Amino acid sequence: MIIAVDGPAASGKGTIAKALSRHYGLPHLDTGLLYRAVGIATVRMGGNPDDPGDAFKATGFHDALLDDPELRSEAAGGYASQVSVHPEVRSALLARQRQFATQPGGAILDGRDIGTVIAPDADAKLFVTARPDVRADRRHRDAMGIDYATILADIQERDARDSARSAAPLVRAADADLLDTSDLTIDAAVQRAIALVDARTRDSL
Ligand code: CDP
């Protein structure tokens, strides 16, 4: 069984994907980490994340980088959003994600284009979202020392860039179930996600 979880920043998609991974006993890939690694590697090489050539060179990053805590920073999220615009970067990361998705036994991937590009035949697709003010509030609680207005502006800028780009933009797949977590606790959102996946996979049996 393949489960695709997509959605904007701080929508809750990562938390939901991890909980689904435990519930169904499936391996999970946070694809945002791959773009974050490319973003950080670009900057560390002295490159510009807006430059397609610089960003492409960084797609050969070492896997050890995926464990670097700096990948979780707000700055890394911004660089990721910049490098993920370039089609050459997206295609360099494609095979790795497809392989993970199609491994025997199934998998869960979360990102922006899992249901549309990486695993269009996924058995269940969730598009997880929440209002921008709620998402900024969540990030504000996690990110010490950055003010709320800066975080909200960053989220809005990232939403706009991710949705407007021509290569694999952030859009809900036609067959994805919408899950708005704005007014849900984590537990309630996870229960709802499990119910949606169960309903989809029952249908496909
Ligand atoms: O949860 P958050 O948006 O903060 O971070 P993320 O999921 O790690 O994604 C960081 C950035 O990587 C996003 O803003 C997207 O621009 C990009 N990304 C993408 O283009 N495609 C994916 N499958 C995953 C992430």
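**A close look at helix α5**

Modeller: In this predicted model, helix α5 bends by about 35 degrees at Leu-94. The helix covers residues 87-101, 15 residues in total. From the first C-alpha to the last it reaches 20 Å, which is close to the 21 Å expected at 1.5 Å a residue.

Five residues of α5 are to be noted as buried: Val-89, Arg-90, Leu-93, Gln-97 and Ala-101. An α-helix has 3.6 residues a turn, so residues three or four places apart point the same way.

Leu-93 is among the residues with the most contacts inside the largest nonpolar core, as are Val-38, Phe-61, Leu-65, Leu-66, Leu-71 and Leu-109. That core has 28 residues. Helix α5 gives two or more residues to the core, as do β1 (2-6), α2 (32-44), α4 (74-83), β3 (107-111) and α6 (114-118). The largest share, seven residues, comes from α2.

Arg-90 leads instead to the ligand. Around the ligand there are 18 residues, and Arg-90 is one of those that come nearest, together with Arg-36, Arg-112, Arg-139 and Asp-162. A polar side-chain atom of Arg-90 lies 2.8 Å from an oxygen atom of the ligand. For Arg-139, a side-chain N or O atom is 2.7 Å from a ligand oxygen atom, and for Arg-158 the corresponding distance is 2.8 Å. Of the 520 Å² of accessible area that the ligand has on its own, the protein covers 96%.

Definitions and conventions: Residues are numbered from 1 along each chain as its sequence is written. This is a predicted model: local features need pLDDT of at least 70, side-chain atom pairs count only at pLDDT 80 or more; totals for chains, interfaces and linings use all residues. Side-chain values use heavy atoms; hydrogens and water are left out. Helices (H or I, at least four residues) and strands (E, at least two) are DSSP runs, numbered from the N terminus. The expected span of a helix is 1.5 Å times one less than its number of residues. The bend at a residue is the angle between axes fitted to the seven residues ending there and the seven starting there. Buried means under 20% relative accessible area, exposed over 50%, partly exposed in between (1.4 Å probe, protein chains only). A residue is near a molecule or strand if one of its heavy atoms lies within 4 Å of it. A polar contact is a pair of N or O atoms within 3.5 Å; within protein, one must be able to donate a hydrogen and the other to accept it, and residues adjacent in sequence count only if both atoms are side-chain atoms. Accessible areas come from the Shrake-Rupley method with a 1.4 Å probe; for residues, only the protein chains shown count as cover. A nonpolar core is a set of buried Ala, Val, Leu, Ile, Met, Phe, Trp, Tyr and Cys residues joined through side-chain atoms within 4.5 Å.
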